[in-house]
There are 2 protein chains.
Amino acid sequence: MPDAASTHAIDDPDYRAAVVDLLGVLAYGELSAFERLAADAALAPTIADKSALAGMAVAEHAHFERLSERLAELGADPNAAMEPFREPLDSFHRSTAPSDWLEGLVKAYVGDGIGQDFYTEMAAYLDPETRALVLEVMADLGHSAFAVDRVRAAIEADGRVAGRLALWGRRLVGEALTQAQRVAAERDALDALLVGSPDRPGMGLGGAGALFSRIIEQHSRRMASLGLAA
Amino acid sequence: MPDAASTHAIDDPDYRAAVVDLLGVLAYGELSAFERLAADAALAPTIADKSALAGMAVAEHAHFERLSERLAELGADPNAAMEPFREPLDSFHRSTAPSDWLEGLVKAYVGDGIGQDFYTEMAAYLDPETRALVLEVMADLGHSAFAVDRVRAAIEADGRVAGRLALWGRRLVGEALTQAQRVAAERDALDALLVGSPDRPGMGLGGAGALFSRIIEQHSRRMASLGLAA
């Protein structure tokens, strides 16, 4: 465990700024996930599916509330902390608006998976309290199993959807990494948290590169579990 | 209090069928309200507004869960109970999809208001337990004050929006009453609950007509509170 990841790290203003950024991007991400899952519920083919998606949306909203509360505890204004991430995340969602129920399921599974991989690895460089919160809000809420089940069934029923959804998955990962790089380039504190600084060990530039490779690998594994070519 | 509204009324199969219909339409209405408020959150101009709308959507979802639980307690399958109302409600929402944030706010305020007026009056003909649940899920969750505040501010900032929103309000009430009549015509049990039957006092055909007049009056009052001509 790096020294910086002590309970008192939060007293260091640079570290605190990075944590506020991190919780801000996570909170806005959860609020967006809530909206996206609710929109997916509206596309659901049956009331049972609609109801399942709505329940998942509500669970994401509970995460959003946990993150907002923690931001307030740290003396930050949650809305202000989220603001810098609004445009990049909205832009990601605008450029990847699902055209149907299956695209929505693939997007939630693949997109959340990339987020989970990234933030779970980042959690290793955080103080214990922040780390526990990040791991809690990144926990899978049953959405993966649901998406895998519905997408595989759709491909079994009509093999032609597989080609279209495979292309869709590639677009999603491309857009996600583009926006993630944009955020890292603009938010120095967040970038320093990931890469590290003289005072605080991070994963280093090489480590960050290796992390992106692992994210792509895990993305390919998720596409395969959907029955899709990555 | 009519005799039929006793705690044992639920043992009468006709009355029970009407209650299952009523809870079914309310549950699907809450699930739709959840989706609609979440979609409105996506159109919100600020993160603070987005967060407020998302919170209201989650509260509607809690109502949906209460209604589903009660349906299950009555031995009904909640999804099956909702199914007959899916098409009419989806059709209402399709034909009244808001094109922007203000139209969404007016729709939620005006549409929910009509629903509240209708079901609150209907509650008088229900057994005490069902009545309490209907009144609970029909309670205003702070959405009215929020919508009135935001719409009035928008009209103050630019008077031209008032004409467009007034037309929008008229379209909403027309579509809502059309769909309500369609539901009443197709669901005999629900219709009998409202109008009454030889065994069970209702408001009578004349009473139902008077109810519709009151709904239109209250609608006009709500439009006025938004600063709009009805």
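**Figure 1. Salt bridge between A:R214 and A:E121 in the predicted model.** A:R214 pairs with A:E121 in a salt bridge whose closest N and O atoms lie 2.5 Å apart. Because A:R214 belongs to helix α9 (residues 204–225) of chain A and A:E121 to helix α4 of chain A, the pair ties together parts that are 93 residues apart in sequence. A:R214 is partly exposed, with a relative accessible area of 31%, and A:E121 is likewise partly exposed, at 23%. The structure is a predicted model, and over all chains it holds 36 salt bridges.

Figure 2. A:D117 is placed in helix α4 (residues 101–122) of chain A. With a relative accessibility of 13%, A:D117 counts as buried, since the cut-off for buried is under 20%. Apart from neighbours within four places in sequence, A:D117 contacts A:I215, A:Q218 and A:R222.

**Figure 3. Salt bridge between B:D21 and B:R187.** The closest N and O atoms of the salt bridge formed by B:D21 and B:R187 are 2.8 Å apart. B:D21 lies in helix α1 of chain B and B:R187 in the loop between α7 (161–186) and α8 (188–195) of chain B, so parts that are 166 residues apart in sequence are tied together by the pair. B:D21 counts as buried at 7% relative accessibility, whereas B:R187 is partly exposed at 26%.

**Figure 4. Salt bridge between B:E103 and B:R164.** The side chains of B:E103 and B:R164 meet in a salt bridge with an N to O distance of 3.0 Å. This pair links distant parts of the chain, with B:E103 in helix α4 (residues 101–122) of chain B and B:R164 in helix α7 of chain B, 61 residues apart. B:E103 counts as buried at 8% relative accessibility; B:R164 is partly exposed, with a relative accessible area of 34%.

**Figure 5. Interface of chain B and chain A.** Contacts join 24 residues of chain B to 24 residues of chain A, and the two chains bury about 1,900 Å² between them, 66% of it on carbon and sulfur atoms. The chains are connected by 2 salt bridges; B:E35 and A:K50 meet through their side chains in a salt bridge (2.8 Å, N to O). The interface also has 6 residue pairs in polar contact. On the side of chain B that touches chain A, two or more residues each come from α1 (13–43), α2 (47–73) and α3 (78–95) of chain B. The element giving the most is α2(B), with 10 residues.

Terms used
Residues numbered from 1 in each chain as written. Chains lettered and ligands numbered in written order. Predicted model: local features only at pLDDT ≥ 70, side-chain atom pairs only at ≥ 80, totals over all residues. Heavy atoms only, no water. Contact = heavy atoms within 4.5 Å. Buried area = accessible area lost by both parts, 1.4 Å probe. Salt bridge = Lys/Arg side-chain N within 4 Å of Asp/Glu carboxyl O. Polar contact = N/O pair within 3.5 Å; in protein donor to acceptor, adjacent residues only side chain to side chain. Helix = DSSP H or I, 4+ residues; strand = E, 2+ residues; numbered from the N terminus. Buried < 20%, exposed > 50% of the residue type's maximum accessible area, 1.4 Å probe, protein only.
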